[in-house]
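Q: Can you walk me through this one? I'll ask as we go.

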Amino acid sequence: AEGIHMAEQALADNRFVLWYQPLVALHGHVLGVEALLRLDTGRAEGLLNPGHFFSALDHPLLARKIGRFVLNTAVHQGMLWLNQGFSLRVGINISARHLLDSEFMQDIHAILARYPDFPRELIELEVTESAPMLDFPSAISTLQAINALGIHIALDDFGTGNASLTYLQRLPAQTIKIDQSFVRDILVDNKDLAIVAGVTSTAQALGLEIVAEGVESLGHARKLADLGVNVLQGFAIAEPMPAEKISNWVKNYK
Ligand code: G
Ligand code: G
Ligand code: MN
Ligand code: NA
């Protein structure tokens, strides 16, 4: 309840902000960013991450309102970067509640109408495994409709749900983001290494891009490269940062 109240206030006061974390392809170029929601308390606590207001992201009305803010802000920012000469794919986390909302497709069409010149393949919706679990047929048809518009889909937190392989089989997706809980210990735990290797070769066989999240050291990056992971994201590459810092970061990368 506290998270819901906090989010209502933040919407009213315009205190939601997006930070962005770069994703880099193996051979050096910056592929894009993931938009990460933060709540600016305006006080000493500074920015709160979604752990403080997760309940709002699952609230029937707030999920829609926050989701629209995130879509609009992220695509607007992507357009600004493009106009500055930076072609960056923008990853946008979609809550299960918003994905399954009867107004979700309208929200998608509205954003495409507002930014008709933004390349649709630069929009990547990150969907976690909880969404299809709630209503599989509805999630499939919505994701197919989105894909048919040219928007990309990533299966986020891959491996942490209980139906990953079913999703790979049945959901339209271009990207798998393997969860950081599998990546963290690949240098010390052969089980985790085997899991990441297996998911990577499955992704390759299916022609999907594979992103490793939670890449925290150069050692991790090297090991992931050896395994054939295409794209890296994590503190070893860059921490999330405000939008204004991204263009300089991209210019200075390698
Ligand atoms: O960035 P951070 O580690 O604080 O994110 C915590 C969780 O919140 C992650 O699971 C992430 O996917 C989720 N998250 C971050 N930004 C958004 C957002 O804009 N919308 C939704 N629905 N979830 C988000
Ligand atoms: O669930 P999702 O994958 O969207 O969550 C992304 C979250 O992971 C972001 O909130 C970000 O702050 C966090 N994150 C990004 N890189 C790293 C990392 O290298 N290590 C850890 N522990 N967390 C990370
Ligand atoms: Mn994500
Ligand atoms: Na993830």
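Q: Start with the largest nonpolar core. How many residues has it, and which have the most contacts inside it?
A: The largest nonpolar core has 63 residues, and those with the most contacts inside it are Ile92 and Ile178. The largest share of this core, eight residues, comes from helix H3 (residues 62–83). A core here is a set of buried Ala, Val, Leu, Ile, Met, Phe, Trp, Tyr and Cys residues joined through C-beta atoms within 7 Å. Buried means 20 or more other C-beta atoms within 10 Å of a residue's own, exposed means 12 or fewer, and partly exposed is in between, with C-beta atoms placed from the backbone. Helices (H or I, at least four residues) and strands (E, at least two) are DSSP runs, numbered from the N terminus.

Q: And the provenance?
A: This is a predicted model, where local features need pLDDT of at least 70, side-chain atom pairs count only at pLDDT 80 or more, and totals for chains, interfaces and linings use all residues. Residues are numbered from 1 along each chain as its sequence is written, while chains are lettered from A and ligands numbered from 1 in the order in which they are written.

Q: What is isoleucine 178 in contact with?
A: Leaving aside neighbours within four places in sequence, isoleucine 178 contacts Phe158, Gly159, Val183, Val196, Val199, Ile210, Ala212 and Glu213. Contact means that two C-beta atoms, placed from the backbone, lie within 7 Å.

Q: Now aspartate 179. Buried or exposed?
A: Aspartate 179 is buried, with 22 other C-beta atoms within 10 Å. Its place is in the loop between S7 and H9. Not counting residues up to four places away in sequence, aspartate 179 touches Asp157, Phe158, Gly159, Thr160 and Glu213.

Q: What about aspartate 157, where does that lie?
A: Aspartate 157 lies in strand S6 (residues 152–158). It is buried, with 20 other C-beta atoms within 10 Å. Aspartate 157 is not a glycine, yet has a positive phi of about 55°.

Q: Which other non-glycine has a positive phi?
A: Asparagine 14, with a phi of about 60°. Asparagine 14 is in the loop between helix H1 (2–12) and strand S1 (16–25), and counts as exposed because it has 9 C-beta neighbours inside 10 Å.

Q: Switching to H10. What span should it have?
A: Helix H10 (residues 190–206) has 17 residues and should span 24 Å at 1.5 Å a residue; its end C-alpha atoms are 24 Å apart, which agrees. The expected span is 1.5 Å times one less than the number of residues.

Q: Which of its residues are buried?
A: In H10, Val196, Val199, Thr200 and Ala203 are buried. Seen down the axis, the buried residues fall within an arc of 100°, so they line one face of the helix. The arc is that of the directions from the helix axis to the C-beta atoms.

Q: What covers them?
A: The cover includes S6, strand S7 (175–178), helix H9 (180–183), strand S8 (209–212) and helix H11 (218–227). The face turned away from the buried side carries the exposed residues Asn190, Lys191, Ala194, Gly198 and Ala205.

Q: Ligands. Which residues are around ligand 1?
A: Ala35, Leu36, Leu37, Asn49, Pro50, Leu57, Val70, Asn93 and Ser95, where near means a C-beta atom, placed from the backbone, within 6 Å of the molecule. They divide into six nonpolar, three polar and no charged. Ala, Val, Leu, Ile, Met, Phe, Trp, Tyr, Cys and Pro count as nonpolar, Asp, Glu, Lys and Arg as charged, and the others, Gly among them, as polar.

Q: And the classes around ligand 2?
A: Four nonpolar, five polar and four charged residues.
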